[in-house]
Amino acid sequence: MSAPPHGSGPRPVSRRKLVLGGAGALVAAAGSGLLLPGTARADQVLTSNSTGTYNGYYYSFWTDSPGSVSMTLGAAGQYSSRWSNTNNWVGGLGWSNGSRRNVTYSGTFDPGSNGYLALYGWTSNPLVEYYIVENHGPYNPGSAGQQRGTVQADGGSYTIYESTRRDAPSVEGTKTFQQYWSVRNSKRSSGTINTGTHFDAWQAAGMPLGAFNYYMIMATEGYQSSGSSNISLSGGNTTPPPDDGETTPPPATGACNATYRTTNAWNNGFNGEVTITAGSGGVSNWSVPLTFAGNQTIVSLWNGTASRSGNVVTVTPAGHNRTLGAGQSTSFGFTASGPSSPAPSVGNCGAG
């Protein structure tokens with residue numbers, strides 16, 4: 001995050017992120033008193049750096065000031081935090097991979113002198129650290145960057161900023177990378193964020209994102225301050241990209257149908273996205289087979305779980321997108337090595 005405007009003025013602060021994407025296991029020292037992920041009946045209190053899954057949601061907790069901050073994981077999608085005279089910390093709940101999705105959250109947030117509440121994540125190729133800031137203290141965390149315009153989204157106006165971190169810690173080690181910010185001008189602590197609206201606005205401003213290989217969390221962050229938060233998540237279903245002139249298919253008459261598009265391509269690699277639309281009776285535990293050419297190999301996949309048999313990769317839900325009502329859609333994406341043509345062949349979508 002950016003430091004508050006004191007001393008010589010705003011400057012980036014180095015903060016090491018813990019994960020390289022996907023849900024990690026919590027490692028607790030003997031006698032720490034921490035519960036293992038997956039324990040649904042008791043709250044889990046985090047005081048040391050860790051990542052994992054809890055009650056169906058991915059979590060991340062990082063601080064450079066152990067002993068000054070704690071984050072408590074409660075019922076599915078709920079966490080609370082409290083920090084006191086900490087130097088820097090960030091934590092929250094969400095998903096092991098980012099995507100276009102509607103994120104509904106509610107709660108309370110006390111930023112103290114310098115903290116913020118934001119939907120936060122990373123992409124790869126290009127490596128980008130991104131924030132959709134819903135609330136913050138006296139200091140605007142995006143203001144140290146270059147203003148790139150505004151976007152009307154989610155019932156309010158956001159100012160877009162871009163900044164560059166040079167030789168800084170990231171999910172891929174020490175690298176130089178861009179930071180993208182959408183900072184809400186009318187602060188709030190409850191609402192719904194349509195991430196795709198912000199992603200499209202950044203793209204239009206010349207700020208392209210990469211592949212969603214890393215986590216997306218509804219995060220609380222504090223820097224040289226004291227504060228607290230209590231946040232609950234709901235929703236989080238993925239949303240399809242904007243219409244590029246293609247006709248949106250009607251709801252399937254069977255369990256579901258699936259359509260494919262290539263979202264990005266480069267020398268010997270590409271990103272693909274498959275959108276699943278439920279039929280008139282809805283669908284649970286959908287399953288979609290993809291057939292790849294012999295010189296194409298999936299490197300990573302998000303918002304789904306993959307199994308492979310020869311050149312056929314069968315994708316099933318990640319958990320949060322397991323059940324779709326009639327006509328509802330979700331999507332999963334992947335990064336593959338090899339040429340983007342011929343495009344992977346999508347088989348019949350069915351219920352598992």
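Analyst: Let's start with Tyr 158, which is buried at a relative accessible area of 0%; buried means under 20% relative accessible area, exposed over 50% and partly exposed in between, using a 1.4 Å probe and protein chains only.

User: Hi! Before we go on, what kind of model is this?

Analyst: It is a predicted model, where local features need pLDDT of at least 70, side-chain atom pairs count only at pLDDT 80 or more, and totals for chains, interfaces and linings use all residues. Residues are numbered from 1 along each chain as its sequence is written, and side-chain values use heavy atoms, with hydrogens and water left out.

User: Thanks. Which strand is Tyr 158 in?

Analyst: Tyr 158 belongs to strand E10, residues 156-168. Helices (H or I, at least four residues) and strands (E, at least two) are DSSP runs, numbered from the N terminus.

User: And which side chains does the side chain of Tyr 158 make a polar contact with?

Analyst: One partner is the side chain of Glu 134, at 2.6 Å, and another is the side chain of Arg 184, at 2.9 Å. A polar contact is a pair of N or O atoms within 3.5 Å; within protein, one must be able to donate a hydrogen and the other to accept it, and residues adjacent in sequence count only if both atoms are side-chain atoms.

User: Switching to E7: are its faces covered or uncovered?

Analyst: Both faces of E7 are covered. Leu 117 and Leu 119 are among the buried residues on one side, and Tyr 116 and Trp 122 are among those on the other. In total, nine of the nine residues in E7 (115-123) are buried.

User: How many bridges join E7 to E8?

Analyst: Eight, and E7 runs antiparallel to E8, residues 128-136; two strands pair if DSSP finds at least two bridges between them. Ala 118, for example, has Val 133 as its bridge partner in E8. Four residues sit between the strands of this hairpin, and Asn 125 there takes a positive phi near 50°.

User: What about E12, which residues are on its covered face?

Analyst: Gly 191 and Ile 193 are on the covered face, while Thr 192 and Asn 194 are on the uncovered one. Ile 193 is also the bridge partner of Val 103, and four bridges join E12 to strand E6, with the two running antiparallel.

User: Last one: what is the mean pLDDT of the chain?

Analyst: The mean is 82, and 82% of the residues reach 70 or more; pLDDT is the predictor's confidence in each residue, from 0 to 100. Over residues 1-41, though, the pLDDT is below 50.

Technical notes: Contact means heavy atoms within 4.5 Å.
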